[in-house]
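Please look over the sequence and the structure shown here, and then follow the questions and answers below.

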Amino acid sequence: MWTALRAAELGAAVCVVSRTPLSQSASFWAQGGLAAALEPGDSPARHAADTIAAGRGLCRPSAVQVLVQEAPEAVRELRERGVAFDLDDDGEPALGLEGGHTRRRIVHAGGSQTGHEITSKLAAMVSDESRVDVHEGTSVVALWSDGERCHGLQTDGEPIAAAATVVATGGAAALWRRTSNPRGAIGAGAVMAVAAGAELADLEFCQFHPTALALPGSHLDGALITEAVRGEGAALLDAAGRRFTDELAPRDAVTAAILDRIEADGGTSVRLDLRGIDPSRFPNVFETLRAAGLDPGTEPVPVAPAAHYTMGGVAVDLDGRSSLPGLYAVGECSCTGLHGANRLASNSLSECFVFGSRAARAALAEESVAEPPPPSAWRFQPPTEATRNAVWRFAGPLRRPEQLRELCDDPYPLAAAIAACALERAESRGGHLRVDFPDLDPELDGVHLVLDPEGKTRRETWK
């Protein structure tokens, strides 16, 4: 929505295609906020250092610099457009603290309802913009491509021609059976992009959020409990009621600590103690817990890691350009290398606005083809429940080579590609933990695995 809005304001005629109403997306459920260096004692350099540390030696330095330098202005622009962030007594954004951050820099709304505030306001802005034509309730079934250039897209109705096509379809964390994401987060954009002729990258890296509700059999199993509650004092406890880790370490470290404790305790979860947290600070979190029949005010709640965010996606440059001319990607479906092997909390929403603006400007320079070739017959097919179960079982938080090899035969192209890349990266780093290679390999510092449309991988170092 932000890319469409900025492109329209710069003079483009824009068509937005969305299978669901505009405000219904993974972004709607975002509980954290936007990371930006706004505190007097903070700086873009500190934000960059935290991002790079969390990324475990794999962040693209130039992408990090773009984000940390441009995120503060993105926050200011959203405020000017009427997004109601929580404010302190001085009328400035109230800044939260999340794992991996050494300063308070999380700009939030409604405590933990930032996604709701941002997506609802953006949907209204897009609907009011006369240069944006919105097609809600329309599914994209393929990108319109001849393998040399993207000419638009094919829908379940008519094809739509465009000089530039921007994929903003979100990530793929719902490919894992246990997930914090809505079920539509299946990596459809990446599947369609590689089928059209674009390259993908960093597919082996999935971030497993440490504190997702652990209620097997419940529809609320996997519901996210934002780490902002840990920033305000919530503690992780083992079966004996003892703290066992630094709750504000980066997510991969906290996830690893929880998995170790679950194994040591012989259980299926650990406990998150919220008894010292004011429910009014995080209303939707406490509402979800009560809806699950839990009373967080009197006893700790069960949590365990769940698939939350995919660092990989369509390989793009700092303006969102893919390897296929005419095709761009922004947000979680893209891979600039910003997040490295492990995303720093709340950098994802900031990424949407910073790189969404850059993609909008770059896409304006594209020129349409007068007579594009006819669309191909290829059509996207969603994954089955068997695939979701297999991805969780074989490419979950702890990975074994024999299981990854089995997943390589999965009929869903992205599941097989994730397995192939996870097999090739013979080390443990960030969101990719190999049981047979438990240590980080310094030879792979800065090395990204790029997957071409033929399914072959190569290694690249991005500056």
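Q: Where is S346 found?
A: In this predicted model, local features need pLDDT of at least 70, side-chain atom pairs count only at pLDDT 80 or more, and totals for chains, interfaces and linings use all residues. Residues are numbered from 1 along each chain as its sequence is written, and side-chain values use heavy atoms, with hydrogens and water left out. Helices (H or I, at least four residues) and strands (E, at least two) are DSSP runs, numbered from the N terminus. On that basis, S346 is found in the loop between β17 (334-335) and α9 (347-363).

Q: Is S346 buried or exposed?
A: Buried means under 20% relative accessible area, exposed over 50% and partly exposed in between (1.4 Å probe, protein chains only). Because its relative accessibility is 5%, S346 counts as buried.

Q: What is the phi of D202?
A: D202 lies in the loop between β10 and β11 (206-213), and at 1% relative accessibility this residue counts as buried. Although D202 is not a glycine, its phi is positive, near 60°.

Q: Why is helix α5 largely enclosed by the rest of the structure?
A: The buried residues of α5 pack against several elements, including β6 (140-145) and α12 (413-424), where contact means heavy atoms within 4.5 Å. Helix α5 (residues 188-196) is largely enclosed because the number of its nine residues that are buried is eight.

Q: Which residue follows α5?
A: The buried residues of α5 include A188 and A196. After the helix comes a residue with a positive phi, near 120°, and this is G197.
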